[in-house]
Structure formats: C-alpha cells, structure tokens
Amino acid sequence: MIKISKVNKSFGQHHVLKDIDLEIGRGKVVVIIGPSGSGKSTLLRCINYLEEYEDGEITIEGDPIGRRAANGKSAPMPQQELNRMRQEVGMVFQAFNLFPHKTVLQNITMAPIDLKGMSRAEADVLGRSLLKKVGLSEKEQVLPYSLSGGQKQRVAIARALAMQPKIMLFDEPTSSLDPEMVGEVLQVMRALAEEGMTMAIVTHEMRFAREVADTIVVLDAGRIIEQGPPEKIFTQPDHPRTLEFLAKVLQAN
Amino acid sequence: MTFDFSVIFLGRNLNFLLHGLSLTIVYSCAGFFLSLIIGTIIAFGQISRFAPLRWLSLFYLSWFRATPLLVQLFLLYYGLPIVFGIDTVAWFSGVIALGMYSGAYSSQIVRGAVQSIDRGQMEAGRSLGYSYMQTMVKIIVPQAILRMLAPLTNEFISLTKNSSLLSTITVVELFRQANILIADTYRTLEFLLAVSMMYYILNNVIGALGIYLEKRFRTGGELQ
C-alpha cells in the first residue's frame, strides 16, 4: 500500500537517507528502530513530505506523494496536490503540537470542517466519537494547556484520525512523556493496530514494538540494515549492528 | 509666576482643544490601521521564499526606520507637489507618513511574533493537509496576535504621540490647537499642561485596551 523506493535525503553535506526501499502493506504495522541519528524520524517525515527528500519516490496506493517521476526525473509535485495527499496521512509528533488556542474538540474538528467541508454538527459527532475512543470525552471543552502529556498525545492521535487517513505515522509518540503516561498512549495505538490501521512508528519502546509490529525495520547511518518479523529481529538478527543496538537499548531498560 | 487654568475653560477654548483631540484620535487610528497593513506585508515579505520580496521589504525597513519621521513628513508634504505635481492635502500626507513610518516598526513586531511560534505548529497544520497560507491564517497568526499585543500597544501609543508632529505641516490636531490658543492668550504652560493631560489620558486608554485584549486572547499556557 505504501511503497518507498530509492529515497535519498541530505542535509547539506550530510547524507541522512541512502537508497531507502520499503513497503508497508495495508493494515500492517511497521516499527522503525535504530540508534539516534540513524535517520528514523527523517524517513518517517518523508512519507508525508514534511521532510523534502531529493530523490526517489513514495506512493500511497499507487499515488505519489511529495515527488513524482517526470521525464525520468523526480520532481516536487504542486503544493495543491501535496496538500490533498497529506490529508490521507495522519501524523503524531513527539511534541504533540496541539493548537493551544483551540479547545480539545476544536483541535479535532477544525481540519475536517476546513478541508473536507464537513458541517460543524457532523464534525462534532465525529470528534466526540474519537474523544470517546481515546478516553477523553470529559475534556472536550478545555484548552490543551490543562491536559497532561499523555492526554495531549491522545488528543493529537484523535486529531489525526479525524481526517480518516489511510496510514498513521507516529514520530516517537511517547518519548516526551513521563513513564506513567506512556502506557495510556501505547494502549490507544495498540487498539488502533488491532482495528487494522496501517501504521509506521518510530519508537524506543522495544516491548511495544515486539508486541505490535508486523515488521521491524532497523536503520543505521541512513541505511536499512535489516527488516523482518519482530521475533527474528529481537532474537536472531543478521546484522551485528542490530545486535549491538538492541543490547544497548535493552540494557538501559 | 502664577497659573490660571480657568483660561482653558474660557469661551470656546476647551471645545477648540477637544476638536483638536478628536482629530488627533482620527489621524492616529487611521495611521495605525495603515501601519498594521504595511507591517503585515513587510513582515511576510521579509520571510518570503521569493528573494526580490525579501530585498524590497528590507529596503523599506531600512529607509523608514533609519530616517526621522519629521524628515519623512516634510519629504512627503513638500516633495510630492514638487516632484510629481501632486497637490497634497496636509492631513492626508500626515496620515500616510505616520502609517509608513510606524509600519516599519510594526513589521518587526509581526515578524518577531510569527517566527516565535513553534515550527511544530506549522508542521501539524501541514500534516493535516492545510496549505502554508491556511496554516498561517488559521493556526499561526491567531497565536502570534497574543504575542504582538504588548509591543503593538506601544507602537500605537508612540504613533499617537508622534501625530503631534503633524502640526508642523499645518494639520489641525491637538498640539496645533494648543499652539494657536497659546499665541492668542500667552498662557503657555496652562495649555501645554492641558494638552499633556489629554495625550496622557488618551494613551492610557490605549494601554488599558491592550491589556484587556491580552487577557481575552490568553490560552492559559503563558507565564503569569
């Protein structure tokens, strides 16, 4: 469903993604792991072109997003098309990025109203059902500042889901949370995975990755060094760098 | 020396001053409105991806911020008729000059506030499918307005005080009315103190308005 082919990305001289090829099937959960600075977040952000990669192609159900091959060369697509494609890709950020001047319910309903032409009444119904799903029905009228980190992140997930995306991207969704709040966010993500949402996740929560992922992708220095089912990656990885990385992370846990 | 403040209330003197005050208010509001429009254009010009717009904005800023308002006022009032043969109405030149001068300052207030908003807000908007422009209008600017309020209140007050310079190009406004009355009555300090008081009250009303608006726009996350 998502097909990433030959994606390359540099920040100036620094070549951060090297010939990335990756496929994510419908309803599958892919967890991207790897040492810090390996390009995990950058790869994830390329999928909705928040990070502008220079070369290669990413398609969602066959439709390219961000860049498109034209005359054998990869060129950026017009902004209007990009905006439309982005509606189909939900994104959850490490820093939540809720809109502080809008109530919790408005955070969720504004995009469907503005971009999909949904009526306020319809959007409110949708927003309330999503708030119920993430367990925050009683918070609909408050401003985000009064929420805890875990609650903010659950609202952010509901906001992304309100656009009814085909895939959800999670960029270290629990990394800025206090330990006791990590569970509530992972619980929502787990439920989403069970419903069959296609998901790409960057996380350091290895136990969660092992439990939820269909495929683990290991990134090192901008390259995918291996990918496979969690059982394989966590017990008998092929690459020594994977072993080294997992040893470090698991030791820290 | 003795003060005789009763001269202010003599005959139609007070009405004469209040008429000046009302015109000062009108010119200041018009100038500030223009300042906000110019300020917004220059601010977004300065952060534009399009280089010529950036240069143009920087040039505007460098000129209007680095030359005295009084000189700009004279240039506009005397210069336009000489160079272009345009017949200038004094108050109109005055308002334009105030707006253009203040616009340079406003632009930096707008730009500073917009750029102080976390880039995560832009990314969140774009990731939902909003365009750059939509994200600016719906998400960034409403948050930036709160941060603009205090310095824009300063700018409005500053502009109101600067409007007294319009008297030098024959515009009828508060300070000019005071000078006329002083010439008539020789009661210099009485009238200067009276107009000082009027400016003082007017500007503090603007100050209070600014604080009121700040309270209304708060989102709760601000340092108290």
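Modeller: One cut-off will be needed again and again, so let me set it out at the start: a residue is called buried when its relative accessible area is under 20%, exposed when that area is over 50%, and partly exposed in between. Please also keep in mind that this is a predicted model.

I begin with the rings. Over all chains, a search of the whole structure gives 9 aromatic pairs. One of them joins Tyr49(A) to Tyr53(A), with 5.3 Å from centre to centre and 85 degrees between the planes, an arrangement that is edge-to-face. Tyr49(A) and Tyr53(A) are both buried. In chain B, the ring centres of Phe74(B) and Tyr78(B) are 5.5 Å apart, and because their planes stand at 70 degrees, this pair too is edge-to-face, the rule being that planes over 60 degrees apart count as such. Phe74(B) and Tyr78(B) belong to helix H3 of chain B, which covers residues 69-84, and their spacing of 4 residues is about one turn of that helix. How accessible is Phe74(B)? Its relative accessibility is 34%, so Phe74(B) counts as partly exposed, and Tyr78(B), at 41%, is likewise partly exposed. Elsewhere in chain B, Tyr27(B), Trp91(B) and Phe92(B) come together as one aromatic cluster.

From rings I turn to charges. The whole structure, searched over all chains, holds 19 salt bridges. Among them is the one in which the side chains of Lys6(A) and Asp21(A) meet, at 3.0 Å from N to O. This pair ties together distant parts of the chain, since Lys6(A) sits in strand S1 (residues 2-11) of chain A and Asp21(A) in strand S2 (residues 14-24) of chain A, 15 residues apart. Lys6(A) has a relative accessible area of 46% and is therefore partly exposed, while Asp21(A), with a relative accessibility of 35%, also counts as partly exposed.

Arg26(A) makes a salt bridge with Glu61(A), and the closest N and O atoms of the two are 3.0 Å apart. Here again distant parts of the chain are linked: Arg26(A) is in the loop between S2 and strand S3 (29-33) of chain A, and Glu61(A) is in the loop between strand S4 (55-60) and strand S5 (63-64) of chain A, 35 residues apart. With a relative accessible area of 62%, Arg26(A) is exposed, whereas Glu61(A), at 34% relative accessibility, is partly exposed.

The side chains of Lys232(A) and Asp238(A) also meet in a salt bridge, with 3.0 Å from N to O. At 29% relative accessibility Lys232(A) counts as partly exposed, and Asp238(A) is exposed because its relative accessible area is 60%. Salt bridges can also share partners, and in this way Arg26(A), Glu61(A), Glu88(A) and Lys166(A) are joined into one network.

Pairing can also be followed from one chain to the other. In this interface, 22 residues of chain B are in contact with 26 residues of chain A, and the chains bury about 1900 Å² between them, of which 56% lies on carbon and sulfur atoms. The rule finds 3 salt bridges across the interface of chain B and chain A. In one of these, the side chains of Glu123(B) and Arg45(A) meet at 2.8 Å, N to O. On the side of chain B that touches chain A, helix H5 (119-128) and helix H6 (132-162) of chain B each supply at least two residues, and H5(B) gives the most, with 9 residues. Sorted by class, that side of chain B has 5 nonpolar, 11 polar and 6 charged residues.

I end with a residue inside chain A. Val212(A) lies in helix H7 of chain A, which covers residues 206-212, and because its relative accessible area is 11%, Val212(A) is buried. Leaving out residues up to four places away in sequence, Val212(A) touches Val29(A), Arg190(A) and Ala193(A). The C-alpha atoms of Val212(A) and Glu194(A) are separated by 8.7 Å, although these residues are 18 residues apart along the chain.

Notes:
Residues are numbered from 1 along each chain as its sequence is written. Chains are lettered from A and ligands numbered from 1 in the order in which they are written. This is a predicted model: local features need pLDDT of at least 70, side-chain atom pairs count only at pLDDT 80 or more; totals for chains, interfaces and linings use all residues. Side-chain values use heavy atoms; hydrogens and water are left out. Buried means under 20% relative accessible area, exposed over 50%, partly exposed in between (1.4 Å probe, protein chains only). Contact means heavy atoms within 4.5 Å. Buried area is the accessible area (1.4 Å probe) that two parts lose on being put together, summed over both. A salt bridge is a side-chain nitrogen of Lys or Arg within 4 Å of a carboxyl oxygen of Asp or Glu. Ala, Val, Leu, Ile, Met, Phe, Trp, Tyr, Cys and Pro count as nonpolar, Asp, Glu, Lys and Arg as charged, and the others, Gly among them, as polar. Rings of Phe, Tyr and Trp (its six-membered ring) pair if their centres lie within 6.5 Å; planes under 30 degrees apart count as stacked, over 60 as edge-to-face and the rest as tilted.
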